[in-house]
Amino acid sequence: MGQRIDVNHENIYYGDFLAVEDVNINIEANKVTAFIGPSGCGKSTVLRTLDRMHELIPGAHVEGEVLLEGKNLYDKDVDPVSVRRDVGMVFQRPNPFPTMSIRENVLAGVRLNNKHISKSDADDLVEWALRGANLWNEVKDRLDNPGIGLSGGQQQRLCIARAVAVHPQVVLMDEPCSALDPISTLAVEDLINELKSDYTIVIVTHNMQQAARIADYTAFFNLKAVGQPGHLEYFADTTTMFNNPQNAEAERYISGRFG
Amino acid sequence: MAEAAKKKNLDGAPVIDFDKFRPTRSSENARKRKDYFMTGLIGLSFVIACIPLISVLWTTLVNGFKRLNLNFLSYNMTGVVGGNPTPSGGYGGVLHAIIGTLEITGGAMLISIPIGIMCAVYLVEYAHGGKLAMTISLLVDVMSGIPSIVAGLFAFSMFTIVFGPGTINGFEGSVALSLLMLPTVVKSCEEMLKIVPNDLREASLALGVTKQRTITKIVLRTALPGIVSGCILAIARVIGETAPLLMTAGYIASTNVNLFSGQMTTLPVYVYQEYSKLNANCPVNADASCVPTIPMERSWAAALVLIIIVLLLNLIGRVVAKVFAVKTER
């Protein structure tokens with residue numbers, strides 16, 4: 001089952017530069033929440049704070065709280081490594097490990113954490129994750145082939161399979177379809193729809209139609225001017241956001257008048 | 001007139017005559033000529049670069065082959081008197097030098113490869129361009145310019161201070177060689193780690209993998225083929241060193257397998273020593289089995305053995321790199 005995320009008064013910094021200010025957002029469990037907004041408004045930055053990937057950049061830090069099912073991810077005694085096990089992430093460009101086969105890629109999360117896994121358990125896990133990612137039927141005869149030999153869309157679904165194989169509560173997706181062709185995009189979108197029964201999904205997208213198609217809730221991020229911090233402008237369920245937004249900036253953005 | 005030349009479009013943008021920029025026939029011909037000329041020049045440079053290489057290989061092969069046989073490979077230089085054959089029927093050999101070369105270079109590898117790789121990991125994964133990293137990089141660059149004789153002097157004086165004056169053994173040679181290897185290993189490993197895409201580090205960390213395991217299992221693993229070839233290059237650079245080894249490892253005629261005690265001969269030192277002898281003495285009434293030119297012939301043969309060892313090392317490196325290469329669809 002997915003878990004909910006509540007973000008309270010979050011300020012995000014790159015060194016001294018305040019990149020995103022005062023984000024307050026409640027992300028429902030087992031729903032798809034989309035982040036939209038113009039370039040540079042900090043959507044991906046906010047996303048990356050939800051699994052503490054943001055702080056990997058030297059000097060980057062976060063103020064405020066991110067509560068995963070009530071527990072603050074930024075508490076002093078919380079290990080970022082274990083946060084990332086609960087909150088998985090899929091990136092913009094498909095990035096399967098080039099030294100590994102399809103099978104090894106799926107098992108990477110378990111194996112790299114030095115957990116021992118018997119062969120039959122591994123077989124089951126590989127099949128479960130690949131079926132979950134709608135990839136099983138395409139690759140079941142060539143599990144030992146290299147992962148980077150797949151097409152871009154298959155690679156991205158392999159990355160999703162790799163992310164769900166560690167069984168996270170939440171899956172974050174940072175523009176997962178922007179490097180894919182329309183058919184692969186459709187496959188990934190279908191997959192997202194199925195995944196939300198098991199996981200909470202947060203997706204950053206530049207494609208508003210995509211947000212309208214797959215998201216239950218949509219958050220619109222904006223920035224006042226270049227060089228100014230970004231902020232969460234408007235958050236609503238997707239129907240309201242795209243049909244009857246109660247926010248002038250959001251309406252202008254959605255109707256394509258800027259951004 | 002001037003106003004007509006500077007005619008403007010309605011929106012104020014200048015009018016441009018694009019025909020002026022179009023390539024003319026003569027400029028195309030000139031480009032073609034230039035192309036032929038440069039192609040020829042580059043081809044010629046390639047041939048010139050190959051001439052010394054092939055010449056060296058050919059000379060070594062021709063001269064070295066004369067004395068390269070099983071006897072030469074399985075005996076050392078004990079009991080060799082002048083140009084006379086030894087009781088075994090040969091004229092001395094390089095067994096002790098092969099053993100010395102392998103042990104001393106192996107010792108240098110054991111010292112410099114782990115340190116070099118860890119140093120590169122620090123520079124790429126941990127330092128983030130800090131002051132310490134800049135200092136290390138600078139020192140590594142400076143180190144790569146150290147003359148080999150200075151490395152030899154350093155090792156010699158270090159062992160003199162620590163183990164007493166006049167200490168000479170194989171391991172001292174290893175230390176000297178590792179000083180020469182280290183910068184090459186650090187530099188090549190650093191470059192290889194840098195080209196591992198950051199996506200892979202993020203992918204691994206996002207799976208909840210620790211930084212340590214990300215570095216060992218993903219970053220180093222992906223960079224492994226490059227690291228192996230970098231290390232082989234570093235080895236190939238030091239395996240032919242003579243000067244620092246003359247100073248630190250010495251030269252003996254008998255076989256010494258103990259790296260940590262007693263003098264040791266390596267192939268380059270052997271080549272140098274035999275070459276210095278120029279000619280061997282033969283008694284006035286000696287028969288044809290006494291060869292006065294034997295030192296020079298041994299020298300060439302030993303050089304050939306050294307080249308073969310380097311070649312084998314390279315082959316091993318290539319095989320290892322191939323086995324661990326990043327997999328692609330066949």
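Tutor: Helix 6 of chain A passes helix 7 of chain A in a right-handed crossing. This is a predicted model, where local features need pLDDT of at least 70 and side-chain atom pairs count only at pLDDT 80 or more, while totals for chains, interfaces and linings use all residues. Residues are numbered from 1 along each chain as its sequence is written, and chains are lettered from A and ligands numbered from 1 in the order in which they are written.

Student: Which residues in helix 6 of chain A meet helix 7 of chain A?

Tutor: Gly152(A), Gly153(A), Gln156(A), Arg157(A) and Ile160(A) meet Ser184(A), Ala187(A), Val188(A) and Leu191(A). Residues are in contact if their C-beta atoms, placed from the backbone, lie within 7 Å. Ala, Val, Leu, Ile, Met, Phe, Trp, Tyr, Cys and Pro count as nonpolar, Asp, Glu, Lys and Arg as charged, and the others, Gly among them, as polar.

Student: Why are helix 4 of chain B and helix 9 of chain B called oblique?

Tutor: Helix 4 (residues 95-126) of chain B and helix 9 of chain B have axes that cross at roughly 140° and come within 10 Å. The two helices of chain B are therefore oblique to each other. Helix 4 of chain B also passes helix 9 of chain B in a right-handed crossing. The residues of their contact divide into 12 nonpolar, 2 polar and 1 charged.

Student: Which residues of helix 8 of chain B are buried?

Tutor: Arg201(B), Ala203(B), Ser204(B), Leu205(B) and Ala206(B) are buried in helix 8 (residues 198-206) of chain B. Buried means that 20 or more other C-beta atoms lie within 10 Å of the residue's own (12 or fewer is exposed, in between partly exposed), with C-beta atoms placed from the backbone.

Student: What covers the buried residues of helix 8 of chain B?

Tutor: The cover includes helix 2, strand 6 and helix 3 of chain A, together with helix 9 (211-239) of chain B. After helix 8 of chain B comes Gly208(B), with a positive phi near 80°.

Student: How many residues does the contact take from chain A and from chain B?

Tutor: Chain A gives 27 residues and chain B gives 21. On the side of chain A that touches chain B, the largest share, 4 residues, comes from helix 2 of chain A. That side divides into 13 nonpolar, 9 polar and 5 charged residues.

Student: What do the buried residues of helix 11 of chain B pack against?

Tutor: They pack against helix 4, helix 10 (243-248) and helix 12 (294-323) of chain B. Among the buried residues of helix 11 (residues 267-277) are Leu267(B), Tyr270(B) and Glu274(B).

How values were computed. Contact = placed C-beta atoms within 7 Å. Axes fitted to C-alpha atoms, helices over the stretch in contact; angles between N-to-C directions. Parallel < 35°, antiparallel > 145°, perpendicular 65-115°, else oblique. Left-handed = near helix turned anticlockwise from the far one by under 90°.
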